[in-house]
Amino acid sequence: MKALRQIQKAMRRDRQFGLMHSARDMAPDVSHGELLYLEDLNLSFDGFKAIDDLSFYLEAGELRCVIGPNGAGKTTMMDIITGKTRPDSGSASFGLNIDLLELSESEIAEIGIGRKFQKPTVFECHRVIENLELAMAGDKRVFPTLFAKLTGEQRDRIDDVLGIIGLTEHAYRDAGALSHGQKQWLEIGMLLMQDPLLLLVDEPVAGMTHQEMDRTAELLRSLAGNHSVVVVEHDMEFVRAIAKRVTVLHRGRVLAEGTMDQIQNDPKVIEVYLGE
Amino acid sequence: MGFIRALKGDTGGQIMLFLLGLVAIVVPILNLWVPASSPWYLSTYTVTLLGKYLTYALLAVAVDLVWGYLGILSLGHGAFFALGGYAMGMYLMRQIGERGVYGNPELPDFMVFLDWSELPWFWYGFDQFWFAALMVVLVPGLLAFVFGWLAFRSRVTGVYLSIITQALTYALMLAFFRNEMGFGGNNGLTDFKDILGFDLRSDGTRIGLFLASAAALALGYLACRFVVSSRLGRVAVAIRDAEARVRFLGYRVERVKLWIFSFSAALAGVAGALYVPQVGIINPGEFAPLNSIELVIWVAIGGRFTLYGAVLGAILVNYAKTYFTGVMPEAWLFALGGLFVLVTLLLPKGIVGLFARRKRSTAQPADVTP
Amino acid sequence: MQLARILLLGWGLVALGPASAQGHAPREPAQAAPSFEQSLTQLLDPSFKVKSAAVDAIAAGGDERAPQALAALLSGRLFYRKSDRRVVYAERRTDGYRITDVLSGEPLGDAGRHHIKKIGINNKLRRQLRAAIAGLALDHVEPKVRLDAVRRMMSDPDPNLAPRLQARLDLEQDAAVREALEQTLAVTDLVSPDAKVRLAAVGALRGNLEPVVRNRLSTLREQDEYPEIKSAATQALADIERKLTLYAKAETLFFGLSLGSVLVLAAIGLAITFGVMGVINMAHGELIMLGAYTTYLVQQAMPNAGEYSLLVAIPAAFLVAGAFGVVIEQLVIRFLYGRPLETLLATFGVSLILQQLVRTTISAQNVAVENPVWMSGSLQINPALSLTYNRIYVILFTLLVFLGLLLILKRTTLGLQVRAVSQNRAMARAMGVRSARVDALTFGLGAGVAGVAGVALSQLTNVGPNMGQAYIIDAFMVVVFGGVGNLWGTLIGGLTLGVANKLLEPWAGAVLAKILVLVFIILFIQKRPRGLFPQRGRAAEG
């Protein structure tokens, strides 16, 4: 599985391996089946416990939904995984072998963790196609980037993704001129271009129409298997549509975990959602 | 080839370079071959003035590269300019040789005056032009590299960065005012005689320096265009608009900033090196924080985020400065101050923004700060 | 010891002759003492013997006019008018003298050089006069006057006065004066021919910081014939050196605190506009300058109230600078909220305009701001440590301004609204806070404080159109170093930087010290980008 993925990656990305690479050459060891291990994480902001003894495991190829009321720690958990925030204590590793807490944001991105933000963040001054180009997996060091040119193959990949996210005819528009929903799609497209092992997707369907939502659900489902996906979402219908397993966070810790049905019948969950 | 392709789609830049070429042809003719009595004659003074403007324009391009495209408002670029100028000044000082007031073949006058007996180590090698030329690029570049390495690594951004770049140039100014530093203290370096064997006062040398400035501007412009039209340039703009997002794509934001910042500093150094032989002096006043801020306003007035806008701004503002300080000196600071206020309030895209309907972008460059 | 004193006393008696015998007299006035007036007339006698007796009589008489008359005689300002032989004080004018009656103190107008004659004295009389004047002061009813007199003598001790001092010591009740008397006597004892006396004196002078003590001790250390005395002197000197180092440190600390206070003053307005509002105000230095110029203008407007004009200038400067601040906010800054880099540029333009405004309307040169008398002089703690009043006042003033500001922000409605707006603009607005008005007032407050700082700075530095630029970078450094949005950070940051600067100065020189501090801050910001006292939490993740 691991070897297969590496070959896949090597074939898909026409990148030259340098001698001094560190993070880019690391592949997570998923021999125990889990891709992501978060254990006993704690983090507080000025006395407020945003994350409280949180433990969370994700299997390779799994699609997991994370729900929970506001302030439950969903976004903060993503921040920790992507290196934006460091926990006060606890451990986070990618596979068995890569300690996420020792890597910078860009290194974490390079080992294959991609993230879509809650508020869509695209590069508004750039065209749609340029946004995708920037996100594209490849050598992201300074000088290779300075002299980089798009190969035909890469161009094809961009066109593919443009097709998937439905922005083919907007390819040459400035991203800033897109609608909110289109920006959401563009950001998902950027995630696809990054081709990460793990996708963290924060509220992907906010501001989308029903049809768009359906397409997003379809897309995320199709990604699972080859990729591991964590989706944070408020929209329960959407969660029901895509999730096999759901994790409920509350006050910085895991309140419940299971299938959607199990979750919905869990008295603790009901109390948290209905009680407030 | 890449350099030429860099001009694709850059109409403003093409026009600018065309005009620059035209000026580079016409000015020498009007100065050297038109008789002084003719109304078409261009005085050497004017040639030098134009040459000075061109070095300013190059400096403005360097600033625009980091400000307009990378979002780093450097209030210390005057320091890089001055350091390049000092490197060139040191070469010119060594060229004076025995023709100084004290006639010391080795030591510049001010060192004799301070009773120094030998040349400080950091003056070694500056009698060679190639060495000085190397230092012109290397010293500002390295300073920027070290400074940037410290600053960017610890994510100092926005106004904090602006303020510490200002502190940098301020500290350098104080340091260069000290006689013990060995750069002529208050008076700086001056009384230059010749460069590469050519007499600095001759018309021919002046024209030569003017042409060198024009060439440096053209090359510097093309180099910057090459950077901004590359993928790296797009990464830079992305950093300007959404730094965190770029990190999550796997780019090493710090390194991108570091290299572009250092390159820009080296470019500023080149501008300073060409400036010094034309004005004939370099002193610590060039490090004054005011200078660095002033050159930011050239870029703002011309229009940041378009490199030719920076060129336009530098030349326009400096022409206005020459004009005003001659006609009514009191009014200049009012005018400059007013320009700062009006441009930021009313013309966020500068003069270029007034004319150019950019085909692509209707979006305002989003807020530059994080 | 006591024996030595008596011996010395005897020696002094011989040297002084009759005059010093008179030294004991004041407490037991001679029978039928001549009046002050009579004695004064006697001074006109050509015989120095008569004069000498007259001086003694004047000194002994206890007349309150005596000290002044004797001092004038000693310094050659005592004359008599030839026409009526009246004794007068004469003050030299360009042409002749202005004379004052000694007895009545009434001015007698001008007198030509030939109309008056100086009362001559010789060296012996001079010695006698000095003793008499000192003696008068020594017996003054006010302990403070006595103390001052003794201290003066200590700095240049006259061995001839020793008996006089000893006599006073026997009577003296005041502890401080006694102590000073003993020390002064010990200083004279240092040159005593008697080794035991010298040794005792060395012991007594341990820790005395007068320069004369140090000089004499080091002479003893080098030249005394007895090794015991040499080593005692060495030890005493080491003692003194240690104390001096300590006081030198205290002085450095004081200088550092006063420089730090200046930095805090310059920065504290910025801490509000930058720290609380997030506005980069590059014209802050010019607002300080406006405050300083307001001081100048107030002084011009009330030329006779030099002493109190500062008290008027403080509120005036607050209002002037504050008004300018509100205008700047209304015309420029409010259009640029949330765009700090643009604000920086625009306010820089404003700063240029303000500078030029002052240049054209007042003068391009520096103007002279007067310092009131109560600000000059210094507080003498001991011979090695004196604190100048203007620095003391600046430190106090800074603390006052700081506390005032803290109170405004913590205790007033405006303060509450300011904090609300700075934390969450939208929410504050929803709660009914008129945020635009609050912004204008906050900026006005920061600007006003800058103006007040200008009043203080006008007392310390040159006031000119460029003065603001000298402070703006320092001010930003202080705010950034202390931690944006934290007044306490500004206070501690400013004081720390001031002290650090002064600590480095003796070692590196003033300019290099400043450079080192700047470099330190640049490096510090790399380590802690949010300053000494950062704001934490989600809100800070700007």
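I started with B:Asp115, which counts as exposed because its relative accessible area is 69%. My scale here: buried is under 20% relative accessible area, exposed is over 50%, and partly exposed is in between, with a 1.4 Å probe and protein chains only. B:Asp115 is in the loop between helix H5 (109–113) and helix H6 (129–153) of chain B. I noted its phi near 65°, a positive value in a residue that is not glycine.

A note on ground rules: this is a predicted model, where local features need pLDDT of at least 70 and side-chain atom pairs count only at pLDDT 80 or more, while totals for chains, interfaces and linings use all residues. Residues are numbered from 1 along each chain as its sequence is written, chains are lettered from A and ligands numbered from 1 in the order in which they are written, and side-chain values use heavy atoms, leaving out hydrogens and water.

Next I checked B:Arg155, whose phi is also positive, about 60°, although it is not a glycine. B:Arg155 sits in the loop between H6 and helix H7 (158–177) of chain B. It counts as partly exposed because its relative accessibility is 35%.

Then I moved to chain A. Is A:Glu187 buried or exposed? It is buried, because its relative accessibility is 0%. A:Glu187 belongs to helix H7 (residues 180–194) of chain A (helices are DSSP runs of H or I, at least four residues, numbered from the N terminus). Its side chain reaches the backbone nitrogen of A:Thr121 at 3.2 Å. Leaving aside residues up to four places away in sequence, A:Glu187 touches several others, including A:Arg115, A:Phe117 and B:Arg245 (contact means heavy atoms within 4.5 Å).

Last, I looked at where chain C meets chain B. Each of the two chains brings 43 residues to the contact. Together they bury about 3,800 Å², 79% of it on carbon and sulfur atoms (buried area is the accessible area, 1.4 Å probe, that two parts lose on being put together, summed over both). C:Leu341, C:Leu345 and C:Gln526 supply 18% of the area that chain C buries against chain B, more than any other three residues.

How many salt bridges are there between chain C and chain B? I found one, joining the side chains of B:Arg304 and C:Glu342 at 2.8 Å, N to O (the cut-off is a side-chain nitrogen of Lys or Arg within 4 Å of a carboxyl oxygen of Asp or Glu). H15(C) gives the most to the side of chain C that touches chain B, with 15 residues.

Notes
Helix = DSSP H or I, 4+ residues; strand = E, 2+ residues; numbered from the N terminus. Polar contact = N/O pair within 3.5 Å; in protein donor to acceptor, adjacent residues only side chain to side chain.
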